[in-house]
Amino acid sequence: MNEMDKKEFFISNIVANQSEFEKHIRSKVYTNDVVEDILQEAYERLWTQMLKPDFDKEPKRWMHGIIKNCIREYWRR
């Protein structure tokens, strides 16, 4: 996937569902700043995952898994 395709894919599949992801995070974390931090971290991790050959083009599933891991890491700190 070239850089332009990757950006379009990311925007249409991930950014378009931002409110769904925020709702998922907010159900576990109640501070707005932390919600934003976790969402940003999840975006960065997904972007990195998109570079891997085993990325299976199911971005919402990947994103929810990444968010789950980010929330778990937040509560461990």
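Predicted model: local features only at pLDDT ≥ 70, side-chain atom pairs only at ≥ 80, totals over all residues.
Residues are numbered from 1 along each chain as its sequence is written, and side-chain values use heavy atoms, leaving out hydrogens and water.

Phe 10, Tyr 43 and Trp 47 form one aromatic cluster, and the structure holds 3 aromatic pairs. Rings of Phe, Tyr and Trp (its six-membered ring) pair if their centres lie within 6.5 Å; planes under 30 degrees apart count as stacked, over 60 as edge-to-face and the rest as tilted. Phe 10 and Tyr 43 make an edge-to-face pair, 5.6 Å centre to centre with 70° between the planes. Because Phe 10 lies in helix α1 (residues 3-13) and Tyr 43 in helix α3, this pair ties together parts that are 33 residues apart in sequence. Helices (H or I, at least four residues) and strands (E, at least two) are DSSP runs, numbered from the N terminus.

The rings of Phe 10 and Trp 47 have centres 5.3 Å apart and planes at 80°, so this pair is edge-to-face. Phe 10 in helix α1 and Trp 47 in helix α3 are 37 residues apart, and their pair links distant parts of the chain.

## Packing of α1 on α3

The axes of α1 and α3 come within 11 Å and cross at roughly 140°. Axes are lines fitted to C-alpha atoms, for helices over the stretch in contact, and angles run from 0 to 180 degrees between N-to-C directions. The angle makes α1 oblique to α3 (under 35 degrees is roughly parallel, over 145 roughly antiparallel, 65 to 115 roughly perpendicular and the rest oblique).

Glu 3, Lys 6, Lys 7 and Phe 10 of α1 make the contact with Tyr 43, Leu 46 and Trp 47 of α3, where contact means heavy atoms within 4.5 Å. By class, the residues of the α1 contact with α3 are 4 nonpolar, no polar and 3 charged. Ala, Val, Leu, Ile, Met, Phe, Trp, Tyr, Cys and Pro count as nonpolar, Asp, Glu, Lys and Arg as charged, and the others, Gly among them, as polar.

## Packing of α2 on α3

Helix α2 (residues 18-26) and helix α3 (residues 32-49) have axes that come within 10 Å and cross at roughly 125°, which makes α2 oblique to α3.

On the α2 side, Gln 18, Phe 21, Glu 22, Ile 25 and Arg 26 meet Asn 32, Val 35, Ile 38, Leu 39 and Tyr 43 in α3. The contact of α2 with α3 comprises 6 nonpolar, 2 polar and 2 charged residues.

## Packing of α2 on α4

The axes of α2 and helix α4 (residues 59-76) come within 10 Å, with a crossing angle of roughly 30°. The two helices, α2 and α4, are therefore roughly parallel to each other.

The contact involves Glu 20, Phe 21, His 24 and Ile 25 of α2 together with Lys 60, Met 63, His 64, Ile 67 and Ile 71 of α4. The contact of α2 with α4 has 5 nonpolar, 2 polar and 2 charged residues.
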